[in-house]
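Work through the exercises below with the sequence and the 3D view side by side. Try each task before you read its solution.

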Amino acid sequence: MTVPDADRPHSRIGGSEDSFPGRLTEIVEGRVMTNPVQPFHGRTIQRLWSDLEGQLPSGWAVVSDVAFPFDDDNEFCPDLAVIPAEAEDENRSAYPADLIELVVEVVSPSSVRRDYEVKPSWYASRGIANYLVVDPLKGHCVTMWNPGPDGYRGRDVLPYGADLTIDSPLGKLRLDTARLPVDPKARHRS
């Protein structure tokens, strides 16, 4: 799946990652946002990646921390995104948002509003079939599906502890939420 140069997305933040070491950088609502990457955040991503990768049908791949420009004011770098393996093989720093089939965001203290309010409408507007918010601050996952022009029409909140099944166009994907860390400083937040 080679994308002609004229059709390739051009990252506005590409190459600036070195300016913010140890931080994830993206553009949200026209502002450059940087988030520190904490151990629980990284461990959550690693465990979910491991769970997803072995279940994906042939031809699909998991990517992390690459840019997906939506417009000039919104360039997201999801914690995990499932895209066609052909595109992943191109090893680029930015991909068209329309390639994403499943997207996962892991909540950090500074990303709560973006992950729960801003990103769902953008992801749904591009027809991304499934959006998963994994929240180590609250110890739960929020699954969203059935994208429409005004956001996702389906939504479930599931506490960590049991297997989470995502019924996606890629098949049923099972994630072991009992293995996901809960931030001990945040256990008392609601």
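## Exercise 1: A glycine in a loop

G161 is partly exposed, with a relative accessible area of 46%. For such labels, buried means under 20% relative accessible area, exposed over 50%, and partly exposed in between (1.4 Å probe, protein chains only).

Before going on, note the ground rules. This is a predicted model, where local features need pLDDT of at least 70, side-chain atom pairs count only at pLDDT 80 or more, and totals for chains, interfaces and linings use all residues. Residues are numbered from 1 along each chain as its sequence is written, and side-chain values use heavy atoms, with hydrogens and water left out.

**Task.** Find the place of G161. Then find what G161 is in contact with, leaving aside its neighbours within four places in sequence.

**Solution.** 
- Step 1. G161 sits in the loop between strand 10 and strand 11. Helices (H or I, at least four residues) and strands (E, at least two) are DSSP runs, numbered from the N terminus.
- Step 2. Contact means heavy atoms within 4.5 Å. With neighbours within four places in sequence left aside, G161 is in contact with T177 and A178.
- Step 3. Check T177 in space. G161 and T177 are 16 residues apart in sequence, and their C-alpha atoms are 5.3 Å apart.

## Exercise 2: The chain as a whole

**Task.** How many helices and strands does the protein chain have? What percentage of its residues count as buried?

**Solution.** 
- Step 1. Count the elements: the protein chain has 3 helices and 12 strands.
- Step 2. Take the 190 residues of the protein chain; 49% count as buried.

## Exercise 3: The largest pocket

**Task.** Which strand gives the most to the lining of the largest pocket?

**Solution.** 
- Step 1. On a 1 Å grid over the protein atoms alone, a pocket is an open set of points where a 1.4 Å probe fits, with protein on both sides within 12 Å along at least five of seven lines; lining residues have an atom within 4 Å of a point.
- Step 2. The largest pocket has a volume of about 150 Å³. Volume is the space filled by probe spheres set on the points, and grid points are joined across faces, edges and corners.
- Step 3. The lining includes N130, W145, D156 and T165.
- Step 4. Strand 9 (140-148), strand 10 (151-159) and strand 11 (163-168) each supply at least two lining residues. Strand 11 gives the most, with 4 residues.
- Step 5. Sort the lining: 5 nonpolar, 3 polar and 2 charged residues. Ala, Val, Leu, Ile, Met, Phe, Trp, Tyr, Cys and Pro count as nonpolar, Asp, Glu, Lys and Arg as charged, and the others, Gly among them, as polar.

## Exercise 4: Positive phi

**Task.** Where are D65 and N91 found?

**Solution.** 
- Step 1. D65 is in the loop between strand 3 (60-63) and strand 4. Its phi is near 55 degrees, a positive value in a residue other than glycine.
- Step 2. N91 is in the loop between helix 2 (85-88) and strand 7 (102-106). N91 is not a glycine, yet its phi is positive, at about 50 degrees.
- Step 3. Compare the labels. D65 is partly exposed at 44%, whereas N91 is exposed at 67%.

## Exercise 5: Cysteines and the chain's later part

**Task.** How many disulfides does the structure hold? Is D183 buried or exposed?

**Solution.** 
- Step 1. A disulfide is a pair of cysteine sulfur atoms within 2.5 Å. The structure holds 0 disulfides.
- Step 2. C77 is buried at 4% relative accessible area, and C141 is buried at 2%.
- Step 3. D183 lies in the segment after strand 12 (171-176). D183 is buried, with a relative accessible area of 11%.
- Step 4. Neighbours within four places aside, D183 is in contact with F40, P136 and L137.
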